[in-house]
Amino acid sequence: MRIAMIGTGYVGLVSGTCFSEFGIHVTGVDKDARKIDLLHQNVMPIYEPGLDELVAANVKSGRLEFTTDLKAAVKSADAVFIAVGTPSRRGDGHADLSYVYAAAEEIAQSLEGYTVIVTKSTVPVGTGDEVEKIIRKTRPDADFDVVSNPEFLREGSAINDFMRPDRVVIGTESERARAVMKQLYRVLYLIETPIVFTSRRTSELIKYAGNTFLATKITFINEIADLCEKVGADVHDVAKGIGLDGRIGKKFLHAGPGYGGSCFPKDTLALVRTARDYQAPLRIVETVVAVNDERKKRMAERIVAAAGGSVKGKTVAVLGLTFKPNTDDMRDSPSLDIVPALTAAGAVVKAFDPEGMDEARKLLPDITYCEDAYQAMDGADVLALVTEWNVFRALDFDRVKSLLKAPVIVDLRNVYEPAMMEEAGFTYTGIGRG
Ligand code: UGA
């Protein structure tokens, strides 16, 4: 089988590479010639653990190639995946579908023989209908079906999420398309991965409902953490105590500075907008969005409080800038609220992030970037741990104490245990560890 993957961003590159690992011939297509050039040199446009090795191996085997020539790739494909960006539209929070529709039109022009067009991009309910209309209008003679097949990849563990998913969701009413999709995911059938076949609209909604539920779960535990601080309880134990209930589940109950990234903020907002359009407002999700936004803004206050009520003229060491570890992605990262609030309050910020600093420099130009965690904390009045990278999980406390002006740590990810930190001589603040 042959597929064309339109878009070599996060979703397209990971999904395309993994499909080629499944034994399918994949052509990754992108308009950005520079990106394709880099991919030809095996330079990845994103940081994702293990991706470069997997790309190299599959290119070598001849099953994976990259091109800017959409026409040729589509012509020979049994299935064409649309994996282009759907950012939040400026102003109203709706998903911007212009890239998806432009791709649909271009694909239509090159279709030859029966082809399944698959939307992998996260798209609002009804987008598949629109894509179908565009293709039909552009090429009334074409033989095709449009299928929804959302992705559930987490940055940092995307390859594993693709190869060993909890489930695969496929939205189509066409038997013919279903057969093609089954063939593409044959390898996952062999390991008995649940495959949910449903209607196209339901599949589109599953993606949003999934992300929104997870964002709600995180926001719930974050508010419980705030309550823990007031009543003298420990959110770690609360999360464990409730998470062991199989109906609740242990995952996504880590309290922190608020969710960020390229998906949850954008998808929660887009679902809120869709629901309003259909006069079925999602009041819980609207509250989640508002609570999370406010939370990210208020995180800097904790650091200011730990520094004695003012950071004017003081130095704050910030460890971690990306929205989570194992990615270079800075989109909607809590650091983008925290760092500007600190500098606005008069602080000098020295930061280190293992992978995010190139991107961070563009967004946070007015701070000092350091070579490692210890350089960042040298002479700082307070240390703030913002992203839980593994290198920050085993800091040398004696060294930390000797470098900091005062032994003050604000741990927004609960990486450390309060009792242990106090014993080590630190004034330590976590999240919800009352
Ligand atoms: C998320 C989903 O987890 C994927 O299933 C989905 O495919 C993807 O969005 C997408 O729509 O493309 P991702 O954004 O990579 O993946 O990151 P997550 O690991 O879900 O984390 C999102 C945010 O929630 C991060 O800021 C993280 O720090 C925060 N988080 C997560 C918490 O604060 N607490 C938790 O317990 C879990």
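At what angle do the axes of H10 and helix H11 cross? They cross at roughly 135°, as the second of the views below sets out in this predicted model.

View A. Helix H10 spans residues 200–231 and contains 32 residues. From its first C-alpha to its last, H10 reaches 47 Å, close to the 46 Å expected at 1.5 Å a residue.

**View B. The packing of H10 against H11.** Helix H11 comprises residues 235–243, and its axis comes within 9 Å of that of H10. With a crossing angle of roughly 135°, H10 is therefore oblique to H11. The crossing is right-handed. On the H10 side the contact is made by Phe 220, Ile 221, Ile 224, Ala 225 and Cys 228, and on the H11 side by Val 235, Val 238, Ala 239 and Ile 242. The residues of this contact divide into nine nonpolar, no polar and no charged.

**View C. The packing of H10 against H12.** Helix H12 is formed by residues 264–277, and the axes of H10 and H12 come within 9 Å while crossing at roughly 115°. The two helices are therefore roughly perpendicular to each other. Their crossing is left-handed. H10 contributes Leu 205, Lys 207, Tyr 208, Asn 211, Thr 212, Leu 214, Ala 215 and Ile 218 to the contact, whereas H12 contributes Phe 264, Asp 267, Thr 268, Ala 270 and Leu 271. By class, the residues of the contact of H10 with H12 are eight nonpolar, three polar and two charged.

**View D. The packing of H10 against H13.** Two packed helices are described by the angle between their axes and the distance between the axes. For H10 and H13 the angle is about 50° and the axes are 10 Å apart, which means that H10 is oblique to H13. H10 passes H13 in a left-handed crossing. Thr 212, Ala 215, Thr 216, Thr 219, Asn 222, Glu 223, Asp 226 and Glu 229 of H10 meet Ile 284, Val 285, Val 288, Val 291, Asn 292, Arg 295 and Arg 302 of H13. The residues of the contact between H10 and H13 divide into five nonpolar, five polar and five charged.

View E. Six strands form an open sheet in the order E11-E10-E9-E12-E13-E14, with parallel pairing. Strand E11 (368–369) and strand E14 (427–429) stand at the edges with a single partner strand each, so one side of each has no neighbour in the sheet. Strand E10 (residues 348–352) pairs with E11 in the parallel sense over two bridges, and Ala 351 stands opposite Tyr 369 in E11. Helix H13 (residues 283–306) lies across strand E9 (315–319), strand E12 (382–385), strand E13 (408–411) and E14. H13 runs at about 165° to E13.

**View F. The surroundings of Leu 403.** Leu 403 belongs to helix H17, which covers residues 397–403. In sequence, Leu 403 and Asp 378 are 25 residues apart, yet in space they are 4.6 Å apart, C-alpha to C-alpha. Leaving aside residues up to four places away in sequence, Leu 403 touches Tyr 374, Met 377, Asp 378, Gly 379 and Ala 380.

Technical notes:
Residues numbered from 1 in each chain as written. Predicted model: local features only at pLDDT ≥ 70, side-chain atom pairs only at ≥ 80, totals over all residues. Heavy atoms only, no water. Axes fitted to C-alpha atoms, helices over the stretch in contact; angles between N-to-C directions. Helix = DSSP H or I, 4+ residues; strand = E, 2+ residues; numbered from the N terminus. Parallel < 35°, antiparallel > 145°, perpendicular 65-115°, else oblique. Left-handed = near helix turned anticlockwise from the far one by under 90°. Contact = heavy atoms within 4.5 Å. Nonpolar A, V, L, I, M, F, W, Y, C, P; charged D, E, K, R; others polar. Pairing = 2+ DSSP bridges. Expected span 1.5 Å × (residues − 1).
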